[in-house]
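Trainee: Good morning. Could we go through this structure together, step by step?

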Amino acid sequence: MASLAKDKSILVGINTKTYTNDVVIPEDHSAILSGPVTVPNITINGTLNVISNLNVTTNLVIGTNGNLNLTG
């Protein structure tokens, strides 16, 4: 008997070019921001992938286990 395929979901997001709230990436998460994008504060404890330009107006904090990947 063939195995049943598991339900899969794909989340497509459209982000704004300017965030007014801080961005926090928890240790067990990864995220993508598509730029150009401006953010007041970013705390990265997990992984953040940024496509295009990133402008942080106040503080950028990369934790001990945090990763920031910039592309393009």
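Trainee: How many bridges pair strand 4 and strand 6, and in which sense, parallel or antiparallel?

Mentor: Please keep in mind that this is a predicted model. Strand 4 pairs with strand 6 (residues 67-71) over five bridges, in the parallel sense.

Trainee: How many bridges join strand 2 to strand 4?

Mentor: Five bridges join strand 2 (residues 30-34) to strand 4, and these two strands run parallel. Ile 32 stands opposite Asn 49 in strand 4, and Leu 33 stands opposite Val 50 in strand 4.

Trainee: What order do the strands of this sheet have?

Mentor: The order is 2-4-6, in an open sheet of three strands with parallel pairing. Strand 2 and strand 6 each have a single partner strand, so one side of each is left without a neighbour in the sheet. On average, neighbouring strands of this sheet are turned by 15° against each other, with direction ignored.

Trainee: Which side chains of strand 4 point to the buried face?

Mentor: Leu 48 and Val 50 point to one face and are buried.

Trainee: A change of topic. Where is Asn 41 placed?

Mentor: Asn 41 belongs to strand 3, which covers residues 37-44.

Trainee: And why does Asn 41 count as buried?

Mentor: Asn 41 has a relative accessible area of 18%, and it counts as buried because the cut-off is under 20%.

Trainee: What does the side chain of Asn 41 make a polar contact with?

Mentor: The partner is the side chain of Asp 22, at 2.9 Å. Leaving aside residues up to four places away in sequence, Asn 41 touches Asp 22, Val 23, Val 56, Thr 58 and Asn 59.

Trainee: Now the whole chain. How many helices and strands does it have?

Mentor: The protein chain has zero helices and six strands. From the N terminus on, its elements run β-β-β-β-β-β.

Trainee: What share of the residues is buried?

Mentor: Buried residues make up 21% of the 72 residues in the protein chain. The accessible surface of the chain comes to about 5,600 Å², and 52% of that belongs to carbon and sulfur atoms.

Trainee: One last point: what share of the contacts joins residues 24 or more positions apart?

Mentor: Such residues account for 2% of the contacts in the protein chain with a separation of 6 or more.

Key. Residues are numbered from 1 along each chain as its sequence is written. This is a predicted model: local features need pLDDT of at least 70, side-chain atom pairs count only at pLDDT 80 or more; totals for chains, interfaces and linings use all residues. Side-chain values use heavy atoms; hydrogens and water are left out. Helices (H or I, at least four residues) and strands (E, at least two) are DSSP runs, numbered from the N terminus. Buried means under 20% relative accessible area, exposed over 50%, partly exposed in between (1.4 Å probe, protein chains only). A polar contact is a pair of N or O atoms within 3.5 Å; within protein, one must be able to donate a hydrogen and the other to accept it, and residues adjacent in sequence count only if both atoms are side-chain atoms. Contact means heavy atoms within 4.5 Å. Accessible areas come from the Shrake-Rupley method with a 1.4 Å probe; for residues, only the protein chains shown count as cover. Two strands pair if DSSP finds at least two bridges between them. Axes are lines fitted to C-alpha atoms, for helices over the stretch in contact, and angles run from 0 to 180 degrees between N-to-C directions.
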